[in-house]
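Dear colleague,

I am passing on the structure below, and my notes on it follow directly after. Please read them alongside the model.

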Amino acid sequence: GRLSRMDALQQQAMAAAQDARRMGRARAIEAAIRRIEAGEFGWCDGCGDFIGTPRLDLNPTTIRCRDCAG
């Protein structure tokens, strides 16, 4: 009864959160592709310096260098 309803609600919430993470990741990938096409990939949105290959290797969707990321 009550526990199965709570479990169902929790699973729905977890599925919604997972969908939101997937959509956010897809948007970040699309933005990275647009930056590549525009010749802006790898440059920090904050200071304009090159982000750095090691950081881009870790996360190619990153838009800020280590200093600007905080």
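The end C-alpha atoms of residues 39-70 are 25 Å apart, and this span is 31% helix and 0% strand, where helices (H or I, at least four residues) and strands (E, at least two) are DSSP runs numbered from the N terminus. UniProt lists residues 39-70, in an unreviewed entry, as "domain: Zinc finger DksA/TraR C4-type"; its positions are given in the numbering used here, the feature name is shortened, and such annotations may be inferred rather than shown by experiment.

This is a predicted model, in which local features need pLDDT of at least 70 and side-chain atom pairs count only at pLDDT 80 or more, while totals for chains, interfaces and linings use all residues. Residues are numbered from 1 along each chain as its sequence is written, and side-chain values use heavy atoms, with hydrogens and water left out.

Helix α1 has 37 residues and reaches 54 Å from its first C-alpha to its last, close to the 54 Å expected at 1.5 Å a residue (1.5 Å times one less than the number of residues). G39, which follows α1, has a positive phi, near 75°. The buried residues of α1 (under 20% relative accessible area, with exposed over 50% and partly exposed in between, using a 1.4 Å probe and protein chains only) are A31, A32 and R35.

The structure holds one salt bridge (a side-chain nitrogen of Lys or Arg within 4 Å of a carboxyl oxygen of Asp or Glu), in which the side chains of R22 and D19 meet at 3.1 Å, N to O. Both residues lie in α1 (residues 2-38), three residues apart, about one turn of the helix. R22 counts as partly exposed because its relative accessibility is 48%, and D19 counts as partly exposed at 41%.

Best regards
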